Amino acid sequence: MSITDPVIHVRGLTKRYGETQAVAGIDFDVARGEVFGLLGPNGAGKTTTVEILEGLRRPDDGEVTVLGHDVSRGADALKARIGVSLQTAALYPKLTVTELIELFRSFYTHRRSTADLIEALGLGERRDAQSQVLSGGQRQRLAVALALVNDPELVFLDEPTTGLDPAARRSLWDLIRGLKADGRSVLLTTHYMEEAEVLCDRLAIMDHGRILEMGTVEELVSKRFRERAVRFDRLDGLSKAELAALPAVASVTEDGDEVLLYTNDVGPTIGALLALAESRGLEPRDLAIRRATLEDVFLDLTGRALRD
Amino acid sequence: MNALLALTGANIRSYVRDRAALFWTLAFPLIFIFMFGLIFQGGGPGRTTLGWVDQDGSTGATVLRETFATHETIALEDGDEGSALDRMRDGELDAVIVIPAGYGEAVAAAEAGSSGPANVVVYTDPSRTNLMASVYQVVGSVLGVVNLGGRPPLVVPQPETLQTENINFISYFVPSMLGLSVMQVGIFAAIPLVADREKLILKRLAATPLRRWQLVGSNVLMRLLIALVQSVVIVGVGVLIFGVEITGAWPLALLFVVLGAVAFLALGYVVASFAKTEDSANGMTSVIQFPMMFLSGTFFAIDQMPEPLQAVARVIPLTYLSDALRQVMVGGAAFAPLWVCFAVLAGWLVVCFGIAARTFRWQ
């Protein structure tokens, strides 16, 4: 394979578990050096897709090539060249950070030094701590360290920041940006919009085993929304129909206590909104104008919010 | 090879750091050995049961009895000399003390300085050295109280020996306990295996170039090592503390320990094939190990069990492992010829391996 070939090439991939169609025919490519995201709610088929790419599951049908290896013909040679971090940090609880890294190093012929990895992942102070006493963020960093022991060209990270507090999440984001800076390709799954926006060069939005939309964050957002979003806390005195009738409003979405007006022209919409509210003796609270985000794209594509 | 050894090392580390696992593999069999050793051998730090034969009936003899009776580690059982010695022969009494007729007068004479000290006869079994030492220690401390201030001593023990028909239960018990421990080492492998699968550790390993035979191989190596450590500890305690004499051929005993460990490990993999969670693996190992423990002839003689239970005993592998170890190590009576023991264990190994190879799931 040449340097310009994609590191991951997927066409018509399907996988079924009994009655459930986990993956229903998806196509995508990941280019060398790219951070590619699979974004979707739990049960969308992200993990199944990733596990097929890692050689852990056999596809029912479709063409899947990873680093030039056809995964349906066995993935033994491939496994030496990829790095994997599963959905939960699968760590022997009673082994220390150093012991776990040493153990995983023994599985590979091409490998980085333990000291390097501990240094690079910021685990120096916990090198002799058993994995069961590490914090959630430290466990995830250790899981990523184990994914990097063989200095892989391609790294799979399945929901690397799920359940982490914001600080730990940000520190892991820095780490993933570092992987890209090192020239590695990364495939990551997430159900956090912000994470996808911050990290991914390109992403695919998945739901019910299908890819609904694919592209850069900018492409995904601008393709669907030329509008800006005007948001404010729900006002009981204003009906959805009244809001939709305001000038330049393209659509109205109510999500919980939040109202979103998608508008083609912010000025007239806001002016009319404030005038209408004032005439009822109301005042829109936490009024804000923003560009549409992935969250809006997902809401528009599936009719539900991703975080639910 | 490197990966195999590294994984074996990792398994051993995890094992040694798990207190519960250590308890079951080392402390549990040792507790059993000490418990039964002390019950059947007396002596040690527990109570010593002395037969008390008073042929004198004087006040002095009664006073001496009271002094013995108040000693906290002594239980006294009165009787005549013949029946007391019989009971000691049967192992019901640890030693017998006889107060000869004329004891009271002899003490009075010794007190007056007109003769030497009075005698009390102490029967012990010289082949049970620990017990003998502890009996003399107790007798010495009691007579020390009686003799206090008397110089020269008023009463001295007159040692007599009696060969008891101590069936040497402990010699039978130590190899049985070794068999039991080897069984546990094997079956209990199911629990960490299921736990590792639940924690996705097995799946994570499957995403590396590690081969499955290396994973299974590391488990076998680690369990064999534990079985060998157990053998050394259990047999060592039996020999050094309870004086068990190992008569048989070491290599043959080792062969059975290894075969037994591997056969029970295969059974452990079968359990891990059917158990979905760590808790259910725990339950299933208990369901398997307790009947085996009690029906394998270790605690109850197989030929005295009701027929349906005997049928079970004839099938379970532990019966044959313990039987073989007893035959080889201490020349115990055979339940089945050694080659039958070997064949039954090998049969269990093949069957369990076959089932596990078909049903075990890594993820």
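**View 1. Chain B falls into two domains.** The domain assignment of chain B, whose bounds come from an automatic or database assignment, gives domain 1 (2-39 + 168-359) and domain 2 (45-161). Taken over C-alpha atoms, the centres of domain 1 and domain 2 of chain B are separated by 47 Å. This is a predicted model, in which local features need pLDDT of at least 70 and side-chain atom pairs count only at pLDDT 80 or more, while totals for chains, interfaces and linings use all residues. Residues are numbered from 1 along each chain as its sequence is written, and chains are lettered from A and ligands numbered from 1 in the order in which they are written. Chain B has a mean pLDDT (the predictor's confidence in each residue, from 0 to 100) of 85, with 93% of its residues reaching 70 or more.

**View 2. Here we meet B:Val239.** This residue is found in helix H10 (residues 212-240) of chain B; helices (H or I, at least four residues) and strands (E, at least two) are DSSP runs, numbered from the N terminus. B:Val239 counts as partly exposed because it has 13 C-beta neighbours inside 10 Å. On this scale, 20 or more other C-beta atoms within 10 Å make a residue buried, 12 or fewer make it exposed, and partly exposed lies in between, with C-beta atoms placed from the backbone. Leaving out residues up to four places away in sequence, B:Val239 touches B:Val244 and B:Ile246, where contact means C-beta atoms within 7 Å. B:Ser171 is 68 residues from B:Val239 in sequence, yet their C-alpha atoms are 9.0 Å apart.

**View 3. Next comes an open sheet in chain A.** Its 4 strands follow the order E2-E1-E4-E5, with antiparallel pairing; two strands pair if DSSP finds at least two bridges between them. E2 (20-30) and E5 (69-70) of chain A are the edge strands, each pairing on one side only. Strand E4 (residues 61-66) of chain A is joined to E5(A) by 2 bridges, and A:Val66 stands opposite A:His69 in E5(A).

**View 4. Finally, look at where chains A and B touch.** In this view, 19 residues of chain A are in contact with 19 residues of chain B. On the chain A side, the elements that give two or more residues are helix H2 (76-79) and helix H3 (97-105). The largest share, 4 residues, comes from H3(A). The predictor gives the complex an ipTM of 0.81 and a pTM of 0.72.

Note on methods. Contact = placed C-beta atoms within 7 Å.
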